[in-house]
Amino acid sequence: MNILLNILNWFSQNILQNPAFFVGLLVLIGYALLKKPAHDVFAGFIKATVGYLILNAGAAGLVNTFRPILAALNFKFKIGAAVIDPYFGLTAANTKIAEEFPNFVGTATTALLIGFGFNILLVAFRKVTKIRTLFITGHIMVQQAATVSLMVLLLVPQLRNSWGTLAIGLICGLYWAVSSNMTVEATQRLTGGGGFAIGHQQQFAIWFVDKVAPFFGKKEENLDNLKLPKFLSIFHDTVVASATLMLVFFGAILLVLGPDVMANKEVITTGTPFDPAKQDFYMYIIQTAFTFSVYLFILMQGVRMFVSELTNAFQGISSKLLPGSFPAVDVAASYGFGSPNAVLSGFAFGLVGQLITIVLLIVFKNPILIITGFVPVFFDNAAIAVYADKRGGWKAALVLSFISGVLQVALGALCVALLGLASYGGYHGNIDFEIPWLGFGYIFKYLGIIGYALVCFFFLLIPQLQFARAKDKEAYYQGQVQAED
């Protein structure tokens with residue numbers, strides 16, 4: 001018995017609580033089940049493990065670069081700041097869990113596995129659950145599992161035990177399955193029967209936009225008729241877009257803080273303080289802003305590296321177990337089916353909405369300063385514009401992406417306050433994690449375990465209502481767009 005306990009303790013401490021090796025183990029098992037050659041199994045294990053370690057390096061760099069600015073903001077203005085971006089949110093959630101709930105460091109990774117398995121079961125029993133989609137966008141699952149883990153652990157104290165990880169995994173699986181299932185008809189309509197759904201960060205928003213866009217205008221009056229400035233095309237490049245955004249926002253913040261505060265070693269106790277003897281302050285600003293882009297790029301590369309292996313392992317298994325199901329993929333897969341102008345117009349008008357709301361937060365002296373991040377301002381608002389333009393033309397695309405930008409900032413500030421993330425520098429930021437997850441968070445806070453059960457029931461109810469509305473039940477399972485849609 002002691003030998004068994006020692007083995008379990010070793011596995012818990014070295015694998016379950018070490019996400020890099022746990023992810024590597026998942027890939028190893030997945031490839032082995034798919035009967036891959038031994039050298040491919042070994043290579044997959046290494047790529048997945050090293051990829052996660054690269055993610056950790058990028059996350060640590062973001063924290064070390066941002067914390068001096070947080071300290072300076074708190075010193076000068078007594079406010080906190082948070083970047084609304086899932087990569088910053090991933091870092092903030094993991095850091096807070098490690099500091100406040102050290103026994104749950106490996107929870108998000110384990111919950112990811114549980115959630116994916118639960119999604120498979122929901123599709124396998126689709127005649128009962130009415131779920132048709134399997135969420136396979138691995139890097140998104142990593143980000144969301146971390147945020148949901150923090151939300152449940154922080155707001156539902158009754159689940160800070162051995163059942164907590166299972167509960168987090170189940171609610172992640174429900175969200176992935178149900179929200180992606182909501183996008184089937186909208187995506188089939190957009191793509192002309194493309195045979196996939198969306199598994200990203202804005203599934204609820206896509207469903208809503210698909211329903212309300214026709215009220216704003218005619219689909220014939222689409223964005224193809226508008227001429228957009230060519231210079232906006234540079235923002236297709238992630239490095240250029242993220243570096244530019246970081247320079248604008250952190251450049252402005254550092255200018256306001258000034259060289260005296262950033263050189264004060266009593267205030268800047270972590271990271272590298274500004275040294276006027278070695279560097280011009282304006283060059284310090286540029287270097288600091290670009291450093292964010294560097295670490296964000298490193299983090300994203302690490303995510304891509306291990307997720308490509310994880311996705312292959314998951315996708316191979318799921319295709320054998322669930323033939324005929326709809327894969328829920330990255331939202332970027334939908335962009336090629338919309339107007340070429342939709343992506344850039346969604347980005348531009350969403351950014352304008354964010355900027356106006358950030359100014360309002362400053363004017364009304366909100367205790368939390370929100371800083372925009374690349375992923376929500378680009379992917380959320382681009383997706384909203386693509387789907388809205390298809391259903392309601394350019395008016396729907398521009399208005400709804402602008403509203404999305406406003407909500408991302410305004411509700412992002414509430415989310416940061418709810419989860420106490422102002423001192424950690426980031427929050428998920430994508431529209432689904434402000435609507436409806438902000439509402440779920442308050443339900444968790446005030447109703448505890450009962451609130452958790454109600455949210456799970458809400459998720460299970462949605463596909464039943466979708467199915468009940470379908471006139472042709474067989475067409476529902478095939479994802480065919482029906483008259484009432």
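Predicted model: local features only at pLDDT ≥ 70, side-chain atom pairs only at ≥ 80, totals over all residues.
The largest nonpolar core has 158 residues, and the members that touch the most others are I69, M262, F306, W437, F444 and F459. The element that gives the most to this core is helix α14, which spans residues 374-419 and supplies 23 residues. M262 shows how one such member is surrounded. Neighbours within four places in sequence set aside, M262 is in contact with P68, I69 and A72, with L254, L257 and I268, and with P273, F274, F281 and Y284.

Helix α14 also packs with helix α15, which covers residues 437-469. The angle between them is about 30 degrees, and their axes are 10 Å apart. Angles under 35 degrees count as roughly parallel, and α14 and α15 are therefore roughly parallel to each other. Their crossing is left-handed. On the α14 side, the contact is made by L411, L414, C415 and L418, while α15 contributes L438, G441, Y442 and K445. Sorted by class, this contact comprises six nonpolar residues, one polar residue and one charged residue.

I435 and P436 are joined by a cis peptide bond, with omega of about 15 degrees. P436 is placed in the loop between β6 (426-427) and α15.

K130, although not a glycine, has a positive phi of about 70 degrees. The loop that holds K130 runs between α6 (126-129) and β2 (133-135). With a relative accessible area of 11%, K130 falls under the 20% limit and so is buried. K365 likewise has a positive phi, of about 55 degrees, and is not a glycine. K365 is found in the loop between α13 and β5. Its relative accessibility is 73%, over the 50% limit, and K365 therefore counts as exposed.

The loop between α13 (340-363) and β5 (368-372) also holds N366. N366 is partly exposed, because its relative accessible area of 27% lies between the two limits. Although N366 and G80 are 286 residues apart in sequence, their C-alpha atoms are 9.5 Å apart in space. Beyond its neighbours within four places in sequence, N366 is in contact with I79, L361 and A413.

Note on methods:
Residues numbered from 1 in each chain as written. Heavy atoms only, no water. Core = buried A, V, L, I, M, F, W, Y, C linked by side-chain atoms within 4.5 Å. Buried < 20%, exposed > 50% of the residue type's maximum accessible area, 1.4 Å probe, protein only. Helix = DSSP H or I, 4+ residues; strand = E, 2+ residues; numbered from the N terminus. Contact = heavy atoms within 4.5 Å. Axes fitted to C-alpha atoms, helices over the stretch in contact; angles between N-to-C directions. Parallel < 35°, antiparallel > 145°, perpendicular 65-115°, else oblique. Left-handed = near helix turned anticlockwise from the far one by under 90°. Nonpolar A, V, L, I, M, F, W, Y, C, P; charged D, E, K, R; others polar.
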